[in-house]
Amino acid sequence: PIMNLVQKSWVLASQLEGAHAKHDRRTLDLLKDLADKATAEKVALQAEVKQRAAEAEALRVEKAALEAKAATLEKANGDAQQQLQLSQSQLAVTSSQLQQ
C-alpha cells in the first residue's frame, strides 16, 4: 500500500508538472500575442505620426506660399491705388485746364 501511494504521488506530481508546463506555454503564447499586437499597433501609430507630420509640413509650405501671394497682392493693390490717385490728380489738372 505504501509503494502504491508513493507511485500515485509520483503520477500526480508528474501530471501536475505537466499541467503547469502546459499553463506556462499558454501564458507565454498569450504574452507573445499581446507583444505582437502591441508592436503592430506601435508601427501603425508611427506611420500615422509620419503621415501627419508630412501633412503638417505641406500645410506650412502652403501657408507660406499663400502669405507670399497675399503680400504680392497687397503691394500690387498699393501700387494700383497710387496710380489711381496720380491719374485722378492728372485728370483734375486736365479738367481744370479745359475749363479755363
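Which residue forms a salt bridge with Lys63, and how far apart are the closest N and O atoms? The partner of Lys63 is Glu67, with the closest N and O atoms 3.8 Å apart. The legends below place this pair among other features of the chain.

The model is predicted, so local features need pLDDT of at least 70 and side-chain atom pairs count only at pLDDT 80 or more, while totals for chains, interfaces and linings use all residues. Residues are numbered from 1 along each chain as its sequence is written, and side-chain values use heavy atoms, with hydrogens and water left out.

Figure 1. Helices (H or I, at least four residues) and strands (E, at least two) are DSSP runs, numbered from the N terminus. Along the principal axes, the C-alpha atoms fill a box of roughly 145 × 15 × 10 Å.

**Figure 2. The surface of the protein chain.** Of the 100 residues, 0% are buried. A residue is called buried under 20% relative accessible area, exposed over 50%, and partly exposed in between (1.4 Å probe, protein chains only).

**Figure 3. Ile2, Val6 and Trp10 form a nonpolar patch on the surface.** Together these residues have about 370 Å² of accessible area. Patches are made of residues with over 30% relative accessible area and no salt bridge; like charges are joined within 9 Å, and nonpolar side chains (Val, Leu, Ile, Met, Phe, Trp, Tyr) within 5 Å. Trp10 belongs to helix 1, which covers residues 2-99. Trp10 counts as exposed because its relative accessible area is 65%.

**Figure 4. Leu28 in helix 1.** With a relative accessibility of 56%, Leu28 is exposed. Ser14 lies 14 residues from Leu28 along the chain, and their C-alpha atoms are separated by 21 Å.

**Figure 5. Glu48 and Arg52 meet in a salt bridge.** The N to O distance between these side chains is 2.8 Å. A salt bridge is a side-chain nitrogen of Lys or Arg within 4 Å of a carboxyl oxygen of Asp or Glu, and the structure holds five of them. Both residues lie in helix 1, four residues apart, about one turn of the helix. Arg52 is exposed at 54% relative accessible area, whereas Glu48 is partly exposed at 33%.

**Figure 6. Glu57 and Arg60 form a salt bridge.** Their closest N and O atoms are 3.0 Å apart. The two residues are three apart in helix 1, about one turn of the helix. Arg60 is partly exposed, at 49% relative accessibility; Glu57 is also partly exposed, at 40%.

**Figure 7. Lys63 and Glu67 form a salt bridge.** Both residues of this pair are in helix 1, four residues apart, about one turn of the helix. Lys63 is exposed, with a relative accessible area of 51%, while Glu67 is partly exposed at 47%.

Terms used. Areas by Shrake-Rupley, 256 points an atom, 1.4 Å probe, with all protein chains shown as cover.
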